Amino acid sequence: MNRTFLSFYRTLLPSTLRVLSGVCFAIIFATAQEQIPYYAFTNVHLFDGVENAIKKDVVVFVANGKIERIGKKGNPIPRLYQVIDCEGKYLIPGLMDVHTHLDNLAAARRALETGVTTVRSASVPAFQDVALANLVKTGQLAGPDMIPCGIYVTPKLGETILADTRLAPLLSGVQTDDELRLLVNVNIDRGAKVIKTRGTERAGLPDTDPRQQTYTLAQLRVIVEEAAKRNVPVMVHAHGDEGAWAAVLAGARSIEHGTFLTEETLQLMKERSTYLVPTFSTLEDLTLPGGDYDGPVLHLRGKFMMPMAEKVIKRAHSLGIRIATGVDNNTHPTARRA
Ligand SMILES: [Zn+2]
């Protein structure tokens, strides 16, 4: 693929790397092989994500969509390379958002413009993530590389039943082994590269208890094993500990949210190299007036959940559990999910 994504960060300070998102903007080059696939980014300061330092005034050489080498200021630039003067801006690796509900063209563009060059979908209503992934892959759309998951493997599909005619047998629910397998396979047939399923109830509805387990260990095993037959990993939404524990045991690749994880579950995650995707910023939306989650129940819930999640994240970090970032929205400025 002859596309190069590089994010330039205007105001990066070495000590405040957590303000990365939102201030970045991305330059996208969608070129055909016969066009110039060689670039030299000059007059740029580099944060490479490996060293905790900024490399000042470097030249970044890119060939065929890959970073070839980092040169020093004043290094000769072969004529083959198109020079991009970055005017003293900062360059960082593309950001990854591993829990989004990105489902439209504008959101894909917005994600890229905020420096996100890879996203992993955490479900959409009608396979929009698969379509977006294809458009980006074929160079027709400026957007982040996408790992689509298709539709949610969840007990009640609701309107999502309309996403594919093969889902008709699931109108009354997704509970039995055959039903679970059918949904996993329809997703993979349609192009899902990861399966998203549910270990516990939602946090963002006042009448559901996010601590309550939904799918059992046996059901989660069916999902993981069916997906594994086609080399597809499974991500599991789980706030509550019982659901998360079952998900880790079943072989989930990642636990999404993980608000109420206990020491025992965290230890199991460490042992099994399960990722944690805390989506912490979305919990804050519960506590704030306005936004998608407004109302007295959700305010109280958010206030209860935030300190718990903070404790879990700190403990996971100290145990060396792999933590990945997910914003859990569709990159619309006001839309959020939990
Ligand atoms: Zn989500």
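Is Phe260 buried or exposed, going by its relative accessibility? I looked it up and got 13% relative accessibility, so Phe260 counts as buried. The cut-off for buried is under 20%. I keep in mind that this is a predicted model.

**Entry: the ring partner of Phe260**

I checked what Phe260 pairs with. Phe260 and Phe304 form an aromatic pair. Their centres are 6.0 Å apart and their planes stand at 35°, which I note as tilted. I then placed both residues in the chain. Phe260 sits in the loop between strand E13 (254-257) and helix H6 (263-272). Phe304 belongs to helix H8. Phe304 has 42% relative accessibility, so I log Phe304 as partly exposed.

**Entry: other rings**

How many aromatic pairs does the count come to? I get four. One of them joins Tyr38 and Tyr81. Their ring centres lie 5.3 Å apart with the planes at 70°, so this pair is edge-to-face. The cut-off for that label is over 60 degrees. Tyr38 is in strand E3 (residues 38-46). Tyr81 is in the loop between strand E5 (66-72) and strand E6 (82-85).

**Entry: the metal**

Which residues coordinate the zinc ion? I list His99 through NE2, His101 through NE2 and Asp328 through OD. The distances run from 2.1 to 2.2 Å. I wrote the donor spacing in sequence as H-x1-H-x226-D. His101 lies in the loop between strand E8 (95-100) and helix H1 (105-113), and Asp328 lies in the segment after helix H8 (296-319), so the pair ties together parts that are 227 residues apart in sequence. I checked burial here too. His101 is buried, and Asp328 is buried as well.

**Entry: two helices**

Two packed helices are described by the angle between their axes and the distance between the axes. I took H3 (residues 177-190) and H4 (residues 217-228). Their axes come within 9 Å and cross at roughly 35°. The crossing of H3 past H4 is right-handed. On the H3 side I list Asp177, Leu180, Arg181, Val184, Asn185 and Ile188. They meet Gln219, Val222, Ile223, Glu226 and Ala227 in H4. I sorted the residues of this contact into six nonpolar, two polar and three charged.

I followed Asn185, which lies in helix H3. At 17% relative accessibility, Asn185 counts as buried. Leaving aside neighbours within four places in sequence, I find Asn185 in contact with Glu226 and Arg230. I also checked Asn185 against Ala227. They are 42 residues apart in sequence, and their C-alpha atoms are 7.5 Å apart in space.

**Entry: the whole chain**

I finished with the totals. The secondary structure comes to eight helices and 14 strands. The protein has 338 residues, and 52% of them count as buried. Among contacts between residues at least 6 apart in sequence, 61% join residues at least 24 apart.

Notes
Residues numbered from 1 in each chain as written. Predicted model: local features only at pLDDT ≥ 70, side-chain atom pairs only at ≥ 80, totals over all residues. Heavy atoms only, no water. Donors = N, O, S within 2.8 Å, 3.2 Å for Na, K, Ca; no water. Helix = DSSP H or I, 4+ residues; strand = E, 2+ residues; numbered from the N terminus. Buried < 20%, exposed > 50% of the residue type's maximum accessible area, 1.4 Å probe, protein only. Axes fitted to C-alpha atoms, helices over the stretch in contact; angles between N-to-C directions. Left-handed = near helix turned anticlockwise from the far one by under 90°. Contact = heavy atoms within 4.5 Å. Nonpolar A, V, L, I, M, F, W, Y, C, P; charged D, E, K, R; others polar. Phe/Tyr/Trp six-rings, centres within 6.5 Å; stacked < 30°, edge-to-face > 60°.
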